[in-house]
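This briefing sets out selected features of one protein chain. Please consult the sequence and the coordinates alongside the points that follow.

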Amino acid sequence: MLGSFRNNGCAIARSNEARALGIAMGAPWFEIEHLAESSGLVALSANFALYGDMSDRMMSLAAGLGPAQEIYSIDESFIDLAGVLGDLVQRGLKVRERILQWTGIPCGIGIGATKTLAKLANHIAKTAERKPGSYPATMAQVCDLSALAPEALQEVLAATAVNEVWGVGRRLTAQLSECGIHTAQDLAGLDPAMVRRRWSVVLERTVRELQGMACIALELAPARKHEIACTRSFGQPVTRLADLNEAVTEFASRAAHKLRQQGSLAGQVLVFIRTSPFRPEAQFSRSISMPLRRPSADTGVIVSAALRGLHAIYRPGYQLAKAGVMLFDLQPTTVLQAELDLQRDEAPDRRRLMTTLDDINQRYGPSTVQMASAGLAGDRRAWTMKQERRTPGYITCWADMPVARA
């Protein structure tokens, strides 16, 4: 049984066996550490750079299913199959085989007339593979609900618990259960107008989608973030300001890179440091927001503001466990606030420099070129996480690929 741990602090991913032990999402490591000896639990440190790279590879292969793609999360995307001819199940099986061969990631593919039905089909494809007998074997790996006769579709929906429907959470499940609605078929049979009056327009949209009416369009362009953050827990307690300078510099640099990726400028930079609430030592937690004179996506400007804030809130004598940098007051690069020419303070235009910086790091690897205050990339920094060197025989991870068929 496997578990992935963010900064070695809490569980962020669990295998089915780990879930069977009662390990909850976000459970702190110190509460479940004893399971490593008693039940054979294996804890692996998270590697977000690797996850992002694998996600990019998988999404590029999945895009071969259809003409348009919405990347919904790191392991899930919707693909429009409008105009795609031929046997969609066979097409899905070939794409799935290619993803498995080229990346080593097995995935489930669900096809439906709407996004909600596609999500449900994806759940069925995975469940039929993991739990034989729960659904027909022909629905394993790739499930096409759009090809089922109405009677067959109703049988599948009747065999699916209502909490497996996209957007139906724990609280809503309890409310629906009180009204005698226990399956996806029960939910699909409700009157949408009544659902809107009794619950919300969101659930009404879900009901209509279960009935085959497309109400949720593909979002081909990701929405702009209203704030960007880069925060990390340290591999060991940090007390020296020099180490904090390196950490905050790297966090601010990463946040600035994300800012440029979405074509935005930041108006404020927030930096925070804190001790661990789970340790008996003296507690310390402070943050400060540093407004920028002009909105910027320049790494140098953002790092400078973050370091000034760090020096203002730092106090010696504490064993700090976490730090982070957040960017607020984001605006598009196309918006420019004019200023009165009251004093000569022309900021250099370093947009081409930032583009070159990003291109070099994209080509040769992160931190190939970085701010000097980040220290030497090859050095073993006191604040970085200690990655697990233990390698399991294999790791099975499922990637979701619902497909909305127009």
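Predicted model: local features only at pLDDT ≥ 70, side-chain atom pairs only at ≥ 80, totals over all residues.

**Helix H5: faces and ends**

- The buried residues of H5 are Leu88, Gly92, Val95, Arg96, Ile99 and Thr103. Viewed down the helix axis, these buried residues lie within an arc of 105 degrees, so they line one face of H5.
- An α-helix has 3.6 residues a turn, so residues three or four places apart point the same way.
- The other side of H5 carries the exposed residues Lys94, Glu97 and Gln101.
- Gly104 follows H5 and has a positive phi, near 80 degrees.

**Packing of helices H6 and H11**

- Helix H6 comprises residues 115–130, and helix H11 comprises residues 201–210.
- The axes of H6 and H11 come within 7 Å and cross at roughly 70 degrees. Angles of 65 to 115 degrees count as roughly perpendicular, and the two helices are therefore roughly perpendicular to each other.
- On the H6 side, the residues that meet H11 are Lys115, Thr116, Leu117 and Leu120. Their partners in H11 are Thr206, Glu209 and Leu210.

- Thr275 belongs to strand E9, which covers residues 264–275.
- Is Thr275 buried or exposed? Its relative accessible area is 5%, and because buried means under 20%, Thr275 is buried.
- The side chain of Thr275 makes a polar contact of 3.1 Å with the side chain of Gln283.
- When neighbours within four places in sequence are left aside, the contacts of Thr275 include Ala282, Gln283 and Phe284. Tyr318, Gln319, Leu320 and Ala321 are also in contact with Thr275.

**The chain as a whole**

- The secondary structure of the protein chain consists of 14 helices and 13 strands.
- Of the 406 residues in the protein chain, 42% are buried.
- Among contacts with a separation of 6 or more in the protein chain, 65% are between residues 24 or more positions apart.

Notes:
Residues numbered from 1 in each chain as written. Heavy atoms only, no water. Buried < 20%, exposed > 50% of the residue type's maximum accessible area, 1.4 Å probe, protein only. Helix = DSSP H or I, 4+ residues; strand = E, 2+ residues; numbered from the N terminus. Arc of directions from axis to C-beta. Axes fitted to C-alpha atoms, helices over the stretch in contact; angles between N-to-C directions. Parallel < 35°, antiparallel > 145°, perpendicular 65-115°, else oblique. Contact = heavy atoms within 4.5 Å. Polar contact = N/O pair within 3.5 Å; in protein donor to acceptor, adjacent residues only side chain to side chain.
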